[in-house]
There are 2 protein chains.
Amino acid sequence: MRGEFELIASLYAPLSAGAPGAFGLRNDGALIELAAGEQSVVTVDAMVEGVHYLPDDPADAVAQKLLRVNLSDLAAMGAEPRGYLLATCLGPTIDDAWLERFVAGLAADQKSYGVTLLGGDTTRTPGPTCLSLTAFGAVPTGRCLERSTLRPGELLYVSGTIGDAALGLDLLQGRLELESEADRAFLAGRYRLPRPRTLLGPALLGLASAGLDVSDGLVADAGHLAEESRVGIEIETAAVPLSAAARAALDARPELLARVLTGGDDYELLFGVAEARAAAVPALAARLGLPLTRIGRAVAAERGTVRVLDAEGRPLTLGRGGWTHF
Amino acid sequence: MRGEFELIASLYAPLSAGAPGAFGLRNDGALIELAAGEQSVVTVDAMVEGVHYLPDDPADAVAQKLLRVNLSDLAAMGAEPRGYLLATCLGPTIDDAWLERFVAGLAADQKSYGVTLLGGDTTRTPGPTCLSLTAFGAVPTGRCLERSTLRPGELLYVSGTIGDAALGLDLLQGRLELESEADRAFLAGRYRLPRPRTLLGPALLGLASAGLDVSDGLVADAGHLAEESRVGIEIETAAVPLSAAARAALDARPELLARVLTGGDDYELLFGVAEARAAAVPALAARLGLPLTRIGRAVAAERGTVRVLDAEGRPLTLGRGGWTHF
């Protein structure tokens, strides 16, 4: 395999073209370029071979997942994605072909999301490959979205559809069967490659009061919002947006509702909007071509907790057999 | 061992105190706070257990080495260190005691270097632990030090002393013997814990024309400078600053000169200064209490290459037995 310097020069340096602050990856570090009135948002996520992805997963998809989970964190704060640093500890099975495909995945996503490689480090490990990526975004100074600013009475919205990725993982691991080939492909794709809501995030500044991305599961992430904001949150299960494929799975096995609400890896945005501003949400959804669905509200009662309600407004409890009434 | 959320809340969150942009590590990402007229410099380095450090190395020293190699990169660009993100993929042998000591090392260095934890990610790996750290510094906008701006005729300086870390590693691995206990401890310490020149770096802005940190070895890093700046570089071996301990080792075995000049892990700064400004260098050295030694110059001949000269100015060549005349 290529040595570190050749690897950087031949594979990675082309990914830094267009960012003068990256110095063609030939410097000790990089400069972050911002316009006046902008502030940097940063986030990092790591992925381990055999833990977060499988050794025979396509390398381009691995690279894209690594980049996209970070872009989702930026979107959650209302930041426009700009660039990233990459640290790779490559295991013994990694060869030139794997790396070329890994870099091709990054190159494709750089175009899709308007980001540029700014720097990195590449080393070897005798164990499984460990990848970490630090992403940089920009927000107008002092205006990023937070988790601690949701207020009682505000409405709770979620983007896209919920539960697809969890059901996709179940399909891939043989725990779920679905007749429709198209449904299976859709759900598996939603698990394999997140679609970070990078256009929605910045558009929420000035509209949303608080937000985060749904990665741990809708109920768990609503819980983070409830805890950080010291409010109660009510989620109306009947309102949670489902894809046609997820709806088909739930129609066959209603107990999968628990999996949908808690499965995670959705990478949708969950955000609060004051009632007085709610009229602007459908227009934003139409402009982005992305469903934005009201699924509940923040309340003053039971601060720090989430109540999951059935279609009649009765609270459900998560038990061994799924969600049930008390 | 503690779960991810408890680990972050109990061990890492206290390291973020004092940086409002870190949101107590409870957000999707962090904000980088800069003063007006400042620009962010970023760099990342990874370390793998069994490759960059030994499994039984003290965890606090591992943490400090990881942080300090990054701070050295910031210093090389003239940036004042501010904060960092940490991604840890922890192997099966890591327990609470190891993590507590790891965090204690970070806490101590946060005080020494004025940096704060801004965020991170913590995961598990079945293989050796892989650590990566992204460090942030600040420079006055548009004024960072680069590698490509050294000009023929400029003088080349290096901070501190060269070769200590390489000889320290030789001692630790039994390839070198030294009588003096104090000399042995000094050299081993220089290998184990770099002392990044974080005060020197920012002080070089406006004085130095170009610079980098010596991590690959003095000759190799001078080569990077020569290549990026398209100049020739001459290094006078007799001028290269040595510690008393390194001098003692070389007096006993003169062939160790090659090891000193190429060993690496020095984490000193190598920089160019125009002759007209050279008078300011001794005053800066006195102010910082850090030797700054002229070891050569940039020339117009043999651009992109480094010539190593003996005390009489004759070129030396690195061969199997060390540095020799042609």
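Modeller: Leaving aside residues up to four places away in sequence, Gln39(B) touches Leu31(A), Ile32(A) and Glu33(A) as well as Leu34(B), Gly137(B), Ala138(B), Val139(B), Thr141(B) and Gly142(B), where contact means heavy atoms within 4.5 Å. This is a predicted model, in which local features need pLDDT of at least 70 and side-chain atom pairs count only at pLDDT 80 or more, while totals for chains, interfaces and linings use all residues. Residues are numbered from 1 along each chain as its sequence is written, chains are lettered from A and ligands numbered from 1 in the order in which they are written, and side-chain values use heavy atoms, with hydrogens and water left out.

Gln39(B) belongs to strand E2 (residues 38-48) of chain B, strands being DSSP runs of at least two E residues, numbered from the N terminus. With a relative accessible area of 8%, Gln39(B) is buried, a term for values under 20% (1.4 Å probe, protein chains only). The side chain of Gln39(B) also reaches the backbone nitrogen of Gly142(B) at 3.0 Å.

In chain A, strand E2 (residues 38-48) holds Thr43(A), which counts as buried at 4% relative accessibility. Among the residues that Thr43(A) touches are Asn70(A), Asp73(A) and, from chain B, Asp28(B), Gly29(B) and Leu85(B). An unreviewed UniProt entry lists Asp28(A), Thr43(A) and Asp73(A) for "binding site", although such annotations may be inferred rather than shown by experiment. Asp28(A) is buried as well, with a relative accessible area of 9%, and the contacts of Asp28(A) include Thr43(B), Asp73(B) and Arg147(B).

Notes
Helices (H or I, at least four residues) and strands (E, at least two) are DSSP runs, numbered from the N terminus. Buried means under 20% relative accessible area, exposed over 50%, partly exposed in between (1.4 Å probe, protein chains only). A polar contact is a pair of N or O atoms within 3.5 Å; within protein, one must be able to donate a hydrogen and the other to accept it, and residues adjacent in sequence count only if both atoms are side-chain atoms.
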